[in-house]
Amino acid sequence: MSTGSPILPPGAAGEPLPRTAELATLWRLLRSPVGALGLALVAFWVAVALFAPLIAPFEPNANDYLALADPTPSGVHWLGTDNLGRDIVSRLAWGARTVLVIVPIAVAAAYAIGCLMGLLAGYIGGWADTLLMRLSDVILSFPVIILYMIVLAHFGPSAINVILAVAFTAAPSVARIVRGLTLDLSNRPYVAAARLRGESPWYVMFVEILPNARGPLIVDGCLRMGYTTIAIGVLGFLGLGLPPDDPNWGGMVKDTYALMSVYPHMSLIPCGAITSLVIGFNLLADGLREVAGDE
Amino acid sequence: MFVFLSRRLLFLVATLLVVSFLVYLLNEAAPGDVARKILGPYATLEQIALLTEELGLNRSVFIRYGEWLGGLFTGDLGYSTLFKAPVGEIIWDRLANTALLAVIAFALIVPLSIVLGVAAGMRESAALDRSISLASIITTSIPEFASGVFLASIFAIWLGWLPGTSTLVRDGGWSITSQLVLPVAVMVLYDLGYVVRMVRASMADVMREPYIRTAVLKGLSWPEVVFRHALRNALIAPFTVILLQINYLVTGVVVVEMIFAYPGFGRMMLEAALAQDIALIEAGVVVAVFIAVSTQILGDLAYMILNPRVRLR
């Protein structure tokens, strides 16, 4: 998804929260139906990913040739088998692990680069701002999906390449958000106090500004997890980026959508899985924004 | 105005040069690969050396990039090694097919997003706002391949109302129009929610302005407040966002084209990237970046015209 940055809650930045206030935030999140549903969906898939070896009744790549005659759900294969006789429950569980390992790492990497860029651009300003924002403009003007196709077709399938490609394309939009927050927070009295004490610019950026920008960044991070899940699914569906043997939800659809008219369950089930996870991330973000807006 | 335009056009040209050169470097860093891709895994080393020589791939990247750039200005886009035809014969047809989908989808997204966004934003947190916002979160959460599978299994397989593939060939008695319905539906479903939320946010902001309160308190009817006072200001900010959707609709629809076997630009780029068809990739990249940057310039210009308070550098 190439479309720009999400909407930030007004005035959610900058108020330092004590520990108990964070617990109160969690409590309010659980009481909003939207936020609670989002949290439940995400928690469900995280649990599936964590316990994949216990949940999966079969090896994810094991072929049950007897099931090929009738791959629909049965007592042995609860959700049926795919075009190669592989158990769908097992592939779904291991696929949850694939996506929930790659997506957080890619988002964290994008944040590491984006926060650094945004803090430098917003706090130092001047030439650093111009240079970094122009660089972001160039990267953001490039259609993401075409970039993925060219880069990943060239470097071949590997999880590392996918993470790098996603981090590289997401970092500039994180940088823009962090830059905006930095410009706002730089005028706060506690930043001026830190400067007067003679703290270094690095200290001011990473200890005074960044922690106080976390409210909007957590909401954005949640939305970005959703986008990145879609991106990873799309790359799997296009057969780019992820090694074909690792079960991944997009790849499961790619392998089976040609058989949709005969055995729709093979592609409908992984489609439902990825959709529910993305909905989970996005509802969670919406719940968090609502809670932050109440304060 | 003139300074602004010339700066942005300069940025457009610079981006095109930088990006096309980087793609060239990336694709041709290992010249042997191109000949190997064309001839397949069973070609001998001599055959590969011969083809590399013939295609001029053993010369420096800079010389070849210069030649390609020269060709671009004379209208020669090069030769596609994948389709075994000049790039110019392939790319425009594919682009026209994708543009057909994009135009229909855009024509649906603009009015729908304005109606839904304004309806949601005019009374923040009302039941209507909550349901529209929730629906737009959910529709944007469905990856295109998933909504393609969902819609195709309902309308093509279960009900049998529409074709499951859209090859633009009149096979199996499905008209071209009926073949466009599902791809357009997937694009609209995926993109609409995002635009609706942008329009809604802008509308909600405007409705909080003091002049709206004044209008309400002096006793104007609700439609007058919404249509005559709020709407104009509320549509300035989303205008740019709406224009930027053209970008996604033309260059981002590879998944839709794959699901429905639609002969479009995105699928062509995927095939070209997998086959390392450098001439086709380069031409596609130039087209894509051109569309992306020019819609941005158009958006900025329109914003400036619509909102006289903004001065652009």
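Buried area here means the accessible area, taken with a 1.4 Å probe, that two parts lose on being put together, summed over both. With that in hand, look at where the two chains of this predicted model meet. Chain A and chain B bury about 4,000 Å² between them, and 78% of that sits on carbon and sulfur atoms. On the chain A side, A:S141, A:I150 and A:H154 lose the most area to chain B, and together they make up 14% of what that side buries.

Who takes part? Counting residues in contact, 44 come from chain A and 48 from chain B. What holds polar groups across the boundary is quickly listed: there are two residue pairs in polar contact, both at pLDDT 80 or more, and zero salt bridges.

Now trace the chain A side by its elements. Those giving two or more residues to it are helix 5 (126–141), helix 6 (144–155), helix 10 (214–238), helix 11 (249–256) and helix 12 (265–294) of chain A. Helix 12 of chain A gives the most, with 13 residues. Sorted by class, the side of chain A that touches chain B has 27 nonpolar, twelve polar and five charged residues.

Next, turn to a helix pair inside chain A. Helix 4 (residues 88–124) and helix 7 (residues 159–185) of chain A have axes that come within 5 Å and cross at roughly 35°. The crossing of helix 4 of chain A past helix 7 of chain A is right-handed. As for what lies in that contact, the tally by class is 23 nonpolar, four polar and one charged residues.

Notes:
Residues are numbered from 1 along each chain as its sequence is written. Chains are lettered from A and ligands numbered from 1 in the order in which they are written. This is a predicted model: local features need pLDDT of at least 70, side-chain atom pairs count only at pLDDT 80 or more; totals for chains, interfaces and linings use all residues. Side-chain values use heavy atoms; hydrogens and water are left out. Axes are lines fitted to C-alpha atoms, for helices over the stretch in contact, and angles run from 0 to 180 degrees between N-to-C directions. Helices (H or I, at least four residues) and strands (E, at least two) are DSSP runs, numbered from the N terminus. A crossing is left-handed if the near helix is turned anticlockwise from the far one by less than a right angle, and right-handed if clockwise. Ala, Val, Leu, Ile, Met, Phe, Trp, Tyr, Cys and Pro count as nonpolar, Asp, Glu, Lys and Arg as charged, and the others, Gly among them, as polar. Contact means heavy atoms within 4.5 Å. A salt bridge is a side-chain nitrogen of Lys or Arg within 4 Å of a carboxyl oxygen of Asp or Glu. A polar contact is a pair of N or O atoms within 3.5 Å; within protein, one must be able to donate a hydrogen and the other to accept it, and residues adjacent in sequence count only if both atoms are side-chain atoms.
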